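Me: Please examine the structure below with me, one question at a time.

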Amino acid sequence: MKAASRRPVVIIGAGPVGVMAALLLARHGVRSLVLERHRDIYPLPRAVVVDDEIRRILQSAGVHEDFASLARPAPGLRLLDAGRRVIAEFPRSMHGHHGFPQTSMFDQPELERLLRDALARRPECELWSGVEVVSVTQSLARDTDGPNDPTGPVRVTLRRDGSDEDEHLWADAVLGCDGAGSLTRDAIGALWEDLHFEESWRVIDVRTSRPVRTWEGAEQICSPTQPATFMRVSEDRYRWEFRLADDQNLDGPDGWERLRELVAPWVDLPPDASPGNDFEVVRQAQYTFRARLADRWRKGRVFLLGDAAHLTPPFVGQGLCAGLRDAQNLTWKLAQVLQRGAHEGLLDTYERERKPHARHVIRVAVAVGWAMTGGQDRGAAFRRAVVGTACRIPGVTAAVGRDLSPALTAGPLVRRRPRLTGRVLAGTFCPQPWVRHEGRRVRLDDVLGDSFAVLTAVRPTAQMTAVATALGVPTIRVDDLGDDGTLAGWLGRGRADAVLLRPDRVVMDTVPAGTDDFTDTVAWAPLLHTARHTADARPA
């Protein structure tokens, strides 16, 4: 048995969520070690879509320009009936709230390679491949009162590929990004909550040079007998997903003929055609789509992220997005605790903020699944008719798109109050327009950096400056940014003169219009250990 070594953060799993967590920690100056049991990335396609919020997270990790070279913006989602007539259309903008296309198609192996390359360039990050994690054990500190109280270091036991010898690592924190079969989830005693959706689907990825009858966005075929999803992923790559009956099989000698019949609405394959260069099946896999949520996401300094914490059906394309949001939400808080001595209670807000958000997204996906393809019972046709009617009401389709990423629920870092106080902005994201900085046209986050920031539409008051000084962050006037009026208009609609932005660009606090001070310092200051103590903060 080899002697144990100490690491600030150990990340279990080098998929997109684990590597993203390492990159974001590195941006905050936190060193991490990523452990992965496979030698290389999984080479076949899986996730194929992200939204503009995720593009912004990729920007914060410093890889958005590389991602742009491999991504294809898509115009949205169409719901079609069995005859491929449009029931409803959910358009997506080419320039969303976060400054990127609201829907982008991509190939997951290409994204993973891009992230791995970025990881290799960061001296704060280290990747060990071919390593199996055997156990994760949380050491309890003395005088703890609850399961999430400050604890001692975490011990990770691992084995190198081909070795039976145990090695031990000690970490200040462990991030379990190890998927649906997570060992980390078992280690903290978390159990699945079933959100009542389970269906078996066949996912088929194809590369073809044949003409394909396609809309540039995604298509969802709403049928009680043969529901399906279709999308163009890249120039010559396409994905089909079919819910097949138990007696329908795409394997064996008749499999090709059955596949030819299934894709016939989109592409013509002659009866004598066979799999080959002009219609290559890159991958064909059977998946069981499930809706589940872990009942706890943290124990001490051990955390669950991504599929280890939640599973969602893919109908609204939010599976990978949810995991990357986990990484963005947790990493800046962990950096504050490890490097700046912030209160351990700051880490409690990770599950408190992310779990309701993930539950909402899963429920939307389940609702879409049941309403559009949900079963073959008598209610399925009625549900589709209701949705079709509702989607013709002005504003409904836009509202559905916005609800894919709702505002964070109330908590110490999100003080949601009535609209008249201006706090309606709390828990929402600051928009990201193009701005002028040092003679260059850049995105807003490139000016804000990786820390908190005070963004104001008025001359900074003494109280605003005191908060910024206590946090060691810049105060930026929107008039000095030279944007197109987006920021001033956003503050005006929120009835706020200024906002305090978290490192993840969520509004943490506001200065209501016509006042001079932030309203909720009493709530968040103790968690961040700012110089402005609770006793000094004026109540709202």
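**A pocket, a helix and an aspartate**

Me: What volume does the second largest pocket have?
Reply: In this predicted model, local features need pLDDT of at least 70 and side-chain atom pairs 80 or more, while totals for chains, interfaces and linings use all residues. Numbering starts from 1 along each chain as its sequence is written, and side-chain values use heavy atoms, without hydrogens or water. A pocket is an open set of points on a 1 Å grid where a 1.4 Å probe fits, with protein on both sides within 12 Å along at least five of seven lines. Filled by probe spheres set on its points, the second largest pocket comes to about 270 Å³.

Me: Which residues lie closest to the centre of the second largest pocket?
Reply: Its lining comprises 17 residues, each with an atom within 4 Å of a point. The closest to the centre are Gln336, Arg340, Ser451, Phe452 and Leu471.

Me: How many residues of α1 are buried?
Reply: Helix α1 (a DSSP run of H or I, at least four residues) spans residues 16–27. Buried means under 20% relative accessible area. Pro16 and Ala26 are among the buried residues, and the count for α1 is 11 of its 12 residues.

Me: Is Asp504 buried or exposed?
Reply: Asp504 sits in the loop between β24 and β25. Because its relative accessibility is 4%, Asp504 counts as buried.

Me: With which side chain does the side chain of Asp504 make a polar contact?
Reply: A polar contact pairs N or O atoms within 3.5 Å, one able to donate a hydrogen and the other to accept it. The side chain of Asp504 reaches the backbone nitrogen of Val506 at 3.3 Å. At 3.2 Å, its side-chain partner is Trp332.

Technical notes. Helices (H or I, at least four residues) and strands (E, at least two) are DSSP runs, numbered from the N terminus. The expected span of a helix is 1.5 Å times one less than its number of residues. Buried means under 20% relative accessible area, exposed over 50%, partly exposed in between (1.4 Å probe, protein chains only).
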